[in-house]
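Please read them beside the model.

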Amino acid sequence: MNCTTLPSNFLIYLSRVNYSVYCIIREGVYRMDINQNTVQFDFVKDKKDLTKTILTDVYNSLIKKGYNPVNQMVGYLISGDPTYITNYNGARALVRKLERDEILEEVLKSYLDIKK
């Protein structure tokens, strides 16, 4: 399959945080860990790792541009207005790959230390 035939619900994301490659498709999220010459695929049933990775990258992009990242991300989550997030390093497009309610769900689970 070449790039022109990739479905619109398919995304490949290289994380700067944990140096993993995430392939996002409708059925779920797959993480590919690159360890020297070995490639290993793991199915991530929940989006916890992906959400954390994307939010960390967006946070770092906001810091680099001189914004208060917490205020900007809260503004985006409450309003849905993507202009709260900078375009720097593709942060705006990246955060929009996640649903706002799913982000809030993962944040609450993490805050309340819920393992489900």
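**Notes on the predicted model**

1. α2 is followed by Gly80, whose phi is positive, near 80°. Helices here are DSSP runs of H or I with at least four residues, strands are runs of E with at least two, and both are numbered from the N terminus.

2. Residues are numbered from 1 along each chain as its sequence is written, and side-chain values use heavy atoms, with hydrogens and water left out.

3. Four helices and four strands are present in the protein, in the order β-β-β-β-α-α-α-α along the sequence. Of its 116 residues, 32% are buried (under 20% relative accessible area; exposed is over 50% and partly exposed in between, with a 1.4 Å probe and protein chains only). Among contacts (heavy atoms within 4.5 Å) between residues at least 6 apart in sequence, 34% join residues at least 24 apart.

4. The largest nonpolar core has 14 residues, and Ile54, Val58, Met73, Ile85, Val95 and Ile103 touch the most other members. Such a core is a set of buried Ala, Val, Leu, Ile, Met, Phe, Trp, Tyr and Cys residues joined through side-chain atoms within 4.5 Å. At least two residues of this core come from each of α1 (48-64), α2 (69-79) and α3 (91-95); α1 gives the largest share, five residues.

5. Leaving aside residues up to four places away in sequence, Ile85 touches Val58, Leu62, Gln72, Met73, Tyr76, Ala91, Arg92 and Val95.

6. In α2 the buried residues are Pro69, Gln72, Met73, Gly75, Tyr76 and Leu77. Their cover includes α1, α3 and α4. Val74, also placed in helix α2, counts as partly exposed because its relative accessibility is 40%.

7. Val74 also belongs to a nonpolar surface patch of about 470 Å², made together with Tyr59, Ile63, Val70 and Ile78. Patch members have over 30% relative accessible area and no salt bridge; nonpolar side chains (Val, Leu, Ile, Met, Phe, Trp, Tyr) are joined within 5 Å, like charges within 9 Å. α1 and α2 each supply at least two residues of the patch, and the largest share, three residues, is from α2. The accessible surface of the protein comes to about 8200 Å², with 53% of it belonging to carbon and sulfur atoms (Shrake-Rupley method, 1.4 Å probe).

8. Ser61 lies in helix α1 and counts as buried because its relative accessibility is 4%. Beyond residues up to four places away in sequence, Ser61 touches Thr86, Tyr88, Asn89 and Ala91. The C-alpha atoms of Ser61 and Asn87 are 8.5 Å apart, although 26 residues separate them along the chain.

9. How many salt bridges are there? The count is one, taking a side-chain nitrogen of Lys or Arg within 4 Å of a carboxyl oxygen of Asp or Glu. The side chains of Lys109 and Glu105 form it, at 3.1 Å from N to O. Both residues lie in helix α4 (residues 100-111), four residues apart, about one turn of the helix. An α-helix has 3.6 residues a turn, so residues three or four places apart point the same way. Glu105 counts as partly exposed, because its relative accessibility is 40%.

Methods:
Predicted model: local features only at pLDDT ≥ 70, side-chain atom pairs only at ≥ 80, totals over all residues.
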